[in-house]
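Colleague: Please show me the structure, and then let us go through a part of it together.

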Number of protein chains: 2
Amino acid sequence: MSRLLTTTPAGDGFRMPAEFEPHAGCWMLWPERPDNWRLGAKPAQQAFAAVAAAIATGEPVTVGVSGRQFVNARAMLPETVRVVELSSDDAWMRDVGPTFVVDRRGERRGVDWGFNAWGGIAGGLYFPWDQDALVARKVLEVEGCDRYRAPFVLEGGAIHVDGQGTLLTTEECLLNPNRNPQLDRGQLEILLHEYLGVTHVIWLGKGVVDDETDGHIDNLCCFVRPGEVALTWTDDKRDPQYRISLDAYERLMEARDARGRRLKVHKLPQPGPLHRTPEEVAGLDVAGEGGHARAAGDRLAASYVNFYIGNSVVVMPLLDPKTDRLAARRLQRIFPERRVIGVPSREILLGGGNIHCITQQVPAARPRRRKETGP
Amino acid sequence: MSRLLTTTPAGDGFRMPAEFEPHAGCWMLWPERPDNWRLGAKPAQQAFAAVAAAIATGEPVTVGVSGRQFVNARAMLPETVRVVELSSDDAWMRDVGPTFVVDRRGERRGVDWGFNAWGGIAGGLYFPWDQDALVARKVLEVEGCDRYRAPFVLEGGAIHVDGQGTLLTTEECLLNPNRNPQLDRGQLEILLHEYLGVTHVIWLGKGVVDDETDGHIDNLCCFVRPGEVALTWTDDKRDPQYRISLDAYERLMEARDARGRRLKVHKLPQPGPLHRTPEEVAGLDVAGEGGHARAAGDRLAASYVNFYIGNSVVVMPLLDPKTDRLAARRLQRIFPERRVIGVPSREILLGGGNIHCITQQVPAARPRRRKETGP
């Protein structure tokens, strides 16, 4: 039961809580398509299962899986995880799932964004995406949450909020003509206000180098608490990421949030740079028409910013032995009240994203524990 | 999340409540296969939607549907009904769904029976049935109920209980060698005790004439409250149903329930007899190998006993203008505290069952309203 509403979240007094506010749970999808996940998706499935297990230590996790993979997913996932049948075209719950909004009375609803596979028929990553486009509705049916249908294209990974009125995004993605060519910056800001309850947008420029999402914010920079963000960073001036991160840093230092605060920026070291190996490409099915070809030597959009903030844990990608430990130490300092769990996630990265991209939190309808909403 | 338990319900203090005890909700499946539901299942889908709408007036209803039919089912079902993706081989939730059991502390668990499509490869109704065999697990995952896996074949429509220790069934079905050839009557009684918490079994003989389930009890006779049953009946001695119903009546009059009570038997008039028309057969796809062929002139196993007892309603099949009104009046007398709603259900009957067969109640974990548990 999920009624389609014809009003808007802001009009009804709803807002999107920050990821670091308390959760009722977390949704994921199960990776399966052999043209995006090598070796029949078995290595990726192990990584997804490890992510689910880590998050499930602090909140209920539900994994949606196709009928074909139900028995296998049920066997590979820990018993503490709920497995439900839910078809999709790939496994990016952050981008195809609903964005949950809450109001002061404790009601929870979902926003069902337009979805065009990160760029539509010409520039998108695969075709068709009809099952992805239904995922938000199906999640909201299971959750029993009413649904707002947003009249524009947006992926959950393209936005971050502080829960106090501020939204963080990138121009590269939101202003990309392959998403909403009919909308300009000002019109998008109005729609983001209407559908997420935010009052102020901080625009960064480009996302991480060679990020096939057209520069999703969730791979570049995220709120870690009100007034503080984490940013992927390199000191190597010859790396194209240097200019991107520097530009983001400068914009962040100039920005004010919705409450007028300056931002504190935590830099996380960039792993690698990492590249796709010939062996990794050999394990893929050839992509069909409209699919995104993978080639050996491709630079991978690796970033430690792509972590998930759970109720009691922060689940972060382990990507590069040279930088993993430093990134984990920094994250543990940023989140002293949560346990940082690293999950080897190169197999997720090979598919085009990372831990944040494959998760979607369900906020608690009523805040339960103050300390979990940040200091 | 649904743990597999290695104990048994009776050993853990669980029992199956009667259908007339309070419900937390009801599960159904969506009819789709065009070799069993004529005209692409559209008429049956309308009938199923009407059943769901009627039950939803008194309890939450969830309908499981394949990914192919999700959008259509969502559009045809009322907004008050929850629709979740759930593959199956056909739409008989009574027989493929879990049987729920509860304990005194208010916990609810599910029994996942063996299933062989009403008779296995030789005598069953279709092949394969691999998706049906997963339905109970999937329902229990969504419900978050732990699972007992029963080590024998049983369909939910083959049993009725009074919630006070008594189980009603038929020899034609339970002792049929196409189900559990390795088990005799005594062994089955022990297993029924172990998995449903019953202490006494009342065996009737045959089920309704030409019932392709091998005589499921839920088309012949059911408990309407402790100590009282409804039985399908005809006074026409030339009709083969006469001897079957008379035999059942005589056994019921001789029986005692688990508490030593004699039974009161309410007779419900038999509709028809009804037969499949050439036009109805013409609307079917030809069944594949292992499928049950349908022919014009087939006698349909029509019975008013195949109703669903909801929290506030009794949803009964309307099958024959000559008898519908009398049957409805009798049912309303039997259930004065519930509203009897008739749903035209010949389209369900054509598929091989009726309203009880397509539903499965989820008992309330804690009894809420005494008056709903019967007088």
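**A helix and its strands**

Modeller: Helix α1(A) is mostly covered, as 11 of its 15 residues are buried, where buried means that 20 or more other C-beta atoms, placed from the backbone, lie within 10 Å of a residue's own. This is a predicted model, in which local features need pLDDT of at least 70 and side-chain atom pairs count only at pLDDT 80 or more, while totals for chains, interfaces and linings use all residues. Residues are numbered from 1 along each chain as its sequence is written, and chains are lettered from A and ligands numbered from 1 in the order in which they are written.

Colleague: How far apart are the end C-alpha atoms of helix α1 of chain A?

Modeller: Helices (H or I, at least four residues) and strands (E, at least two) are DSSP runs, numbered from the N terminus. The expected span is 1.5 Å times one less than the number of residues, so the 15 residues of α1(A), 42-56, should span 21 Å. The distance between the end C-alpha atoms agrees with this, being 21 Å.

Colleague: Which residue of β17(A) is the bridge partner of A:Cys26?

Modeller: Strands pair if DSSP finds at least two bridges between them, and β2(A) (residues 23-29) is joined to β17(A) (residues 359-363), running antiparallel, by 5 bridges. In β17(A), the partner of A:Cys26 is A:Gln361.

Colleague: Which residue of β3(A) is the bridge partner of A:Cys26?

Modeller: The pairing of β2(A) with β3(A) (residues 61-65) is parallel, over 4 bridges. In β3(A), A:Cys26 has as its bridge partner A:Val61.

Definitions and conventions:
Buried ≥ 20, exposed ≤ 12 C-beta atoms within 10 Å, placed from the backbone.
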